[in-house]
Amino acid sequence: MKEKVEVYDLEKVVEEFERLTKDAENVQKETLKKILEENASSEYLQSLGLNGRTDLESFKGCVPLVIYKDLETYIDRMVDGDVSPILTGKPITTFSISSGTSQGKRKYLPWSDEFFAISLQVYKTSFAYRNREFPIQNGKGLNFIYSSKSSQTENGVTLATATTNLFTNPGYNHMMEALQIPNCSPDDVTFSPDFQQTLYCHLLCGLLFREEVQLVSSTFAHSIVNAFRTFEQIWEELVTDIKEGVLSSRITHPSIRTAMSKLLKPNPELANLIHKKCSGLSNWYGLIPELFPNAKYVLGIMTGAMEPYMKKLRHYAGEVPLLTSDYGASEGWIGSNLNPKVAPEFATYAILPQIAYFEFIPFAQIDGTEVELEPVGLTDVKIGEEYELVMTNPAGLYRYRLGDVVKVMGFHNSTPEIRFLRRNNLMLTINIDKNSEADLQLSVETASELLAKEKIEVIDYTSYIDLSKQPGHYVIFWEINGEASDEVLGECCSCLDKTFADIGYVGSRRAKAIEALELRVVRRGTFMKILEHYVGLGASVSQFKTPRCVAPTNTTVLQMLLENVVKNCFSSAYN
Ligand code: AMP
């Protein structure tokens, strides 16, 4: 018989978090002390001369700020199976592979049982606060989660993405049951190696349990949009499966077929109902509540690189609220959303002071140049200021610069509530121009409003610096869902160009040191092919973020884009 899972006491979770955040400064000191004590014997801390000291002053004096590259030689040895205490006291035998879609390079990050325990705290905390505003009881979650390829080296080291390490942990399903939102889909569906088959069956399971679905979620919002865009294409096939009780022949994986055959029985009544609902929708507006009448909210990371998908998500969700979930990375967790009623565009994340030791690098303008100042502690940050996040966590990262820039919007008790602003990387630059991912996002958002007038949307986008002719120019690739006229595309292109407001770019454009921006429209499905390419390399659909700038060295993706161009035009701004 299945073991009965004890439901979490969510009020206690809230009480505990309130207690911790009221004493954030001490909790941070204790957290740092514990991390340094447990890892005092590590080669890394020993080599820095910390000698078992755990006070803040010694820590800051001995341990430098680092980026991944600084730790790479240590991590490579661990991945090669060296179980001596290198970065941590206890050996680490599981690593999360960060796909590198956001930062260009694949990274291996230590994963441990403690990491899972922290994930549990983050999930519980945000669920507890969310549940006060949007209670869920005895429902099911339609969770568009996917596992990626996982492998074991000959030395017994496991390599998988962070979400795969999380979802495959035996404690994960236990947690979902204790939160009373078990997944609709059986594990055999979630853990299939073919994400298209998983997606099809997630949708089918959702429809079979449509009355019970109280939550529609994914890790990043992109996966939810992707799921319902796919639904638009395949819904009739799903309806046939339900009507006949026979799974489509497109599902070839034996374990998925076995798992689904246990759920699927001929149900013409349900099939007719779904057919009627889908046929009655105008342009799929409000699809989610039509299919899942008891869905209380749609949940996923919706900030930062996910913002471009919000419009479409809102379209599918109709009146169902959109809630952004947590803030974290393969490196470690950072914060939870405690104010679920706030729209994702304005959402903040409260930092959990007990999960890592956090520092914040302030920026200042000196003589018109941005300079970095000394990092400050969690409770010393100032409202309205921007900082780069630095973390020290139990997984063996010490004073690690995450590369994310956040803005402090307020405090929850004494822990900061931050807004994600951008990654601190320069993306588009030819000479003195400096444009980040956020600048590109703004430019695309502004220009796509011109397309929206024609009822056409930008499905996805990326960019590239073309230096094949001098002077070089920016190329923006768009996948759009309709036929835009040359005139409208030309306007969009000039608008993209004009919206890059950085003075280096504007000056270079005026001086013709950068040529006119080029817009290239790619064939429908190109960005899906790019996703499939990354998944083939071991990335997880759950963590996928479209690369927003393609390096010339990324020849495969560049080739995919170039081969699929159907139209191009040049900006006439600055003529
Ligand atoms: P990955 O390790 O591939 O999962 O990517 C982690 C990165 O995703 C973070 O460093 C952030 O740049 C971004 N990210 C994660 N959570 C959020 C969030 N809630 N809002 C905005 N960006 C996020």
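Is Lys512 buried, exposed or partly exposed? Lys512 is partly exposed, because its relative accessible area is 40% (buried means under 20%, exposed over 50%, partly exposed in between, with a 1.4 Å probe and protein chains only).

1. Basis. This is a predicted model, in which local features need pLDDT of at least 70 and side-chain atom pairs count only at pLDDT 80 or more, while totals for chains, interfaces and linings use all residues. Residues are numbered from 1 along each chain as its sequence is written, and side-chain values use heavy atoms, leaving out hydrogens and water.

2. Overall size. Along the principal axes, the C-alpha atoms fill a box of roughly 75 × 70 × 50 Å.

3. Secondary structure and contacts. The protein chain holds 20 helices and 23 strands. These are DSSP runs, numbered from the N terminus (helices are H or I, at least four residues; strands are E, at least two). Take contacts between residues at least 6 apart in sequence: 70% join residues at least 24 apart. Contact means heavy atoms within 4.5 Å.

4. Of the 575 residues, 57% count as buried. The protein chain exposes about 24300 Å², and carbon and sulfur atoms supply 51% of that area. Areas come from the Shrake-Rupley method with a 1.4 Å probe; for residues, only the protein chains shown count as cover. There are 57 positive and 73 negative charges, and their mean positions are 3 Å apart. Lys and Arg count as positive, Asp and Glu as negative; His and the chain ends are not counted. Each charge is placed at NZ of Lys, CZ of Arg, CG of Asp or CD of Glu.

5. Annotated spans. The unreviewed UniProt entry gives "domain: GH3 middle" for residues 349-423. That span, 349-423, is 0% helix and 69% strand, with its end C-alpha atoms 16 Å apart. UniProt (unreviewed entry) also lists "domain: GH3 C-terminal" for residues 439-551. Residues 439-551 are 42% helix and 19% strand, and their end C-alpha atoms lie 17 Å apart. UniProt positions follow the numbering used here, feature names are shortened, and annotations may be inferred rather than shown by experiment.

6. Ser443. This residue lies in helix H16 (residues 437-452). Ser443 counts as buried because its relative accessibility is 0%. Beyond its neighbours within four places in sequence, Ser443 is in contact with Leu496, Thr499 and Phe500.

7. Thr153. The loop between strand E4 (151-152) and strand E5 (158-160) holds Thr153. At a relative accessible area of 23%, Thr153 is partly exposed. Its neighbours within four places aside, Thr153 is in contact with Val79 and Leu159. Thr153 and Asp80 are 73 residues apart in sequence, yet 7.8 Å apart in space, C-alpha to C-alpha.

8. Backbone points to check. The peptide bond from Gln470 to Pro471 is cis, with omega near -10°. Pro471 sits in the loop between strand E20 (458-466) and strand E21 (473-480). Asn413 has a positive phi, near 55°. Asn413 is in the loop between strand E16 (397-412) and strand E17 (415-423). Lys512 also has a positive phi, of about 60°. Its loop runs between helix H18 (503-510) and strand E22 (518-522). Most residues other than glycine have a negative phi, and most peptide bonds are trans.
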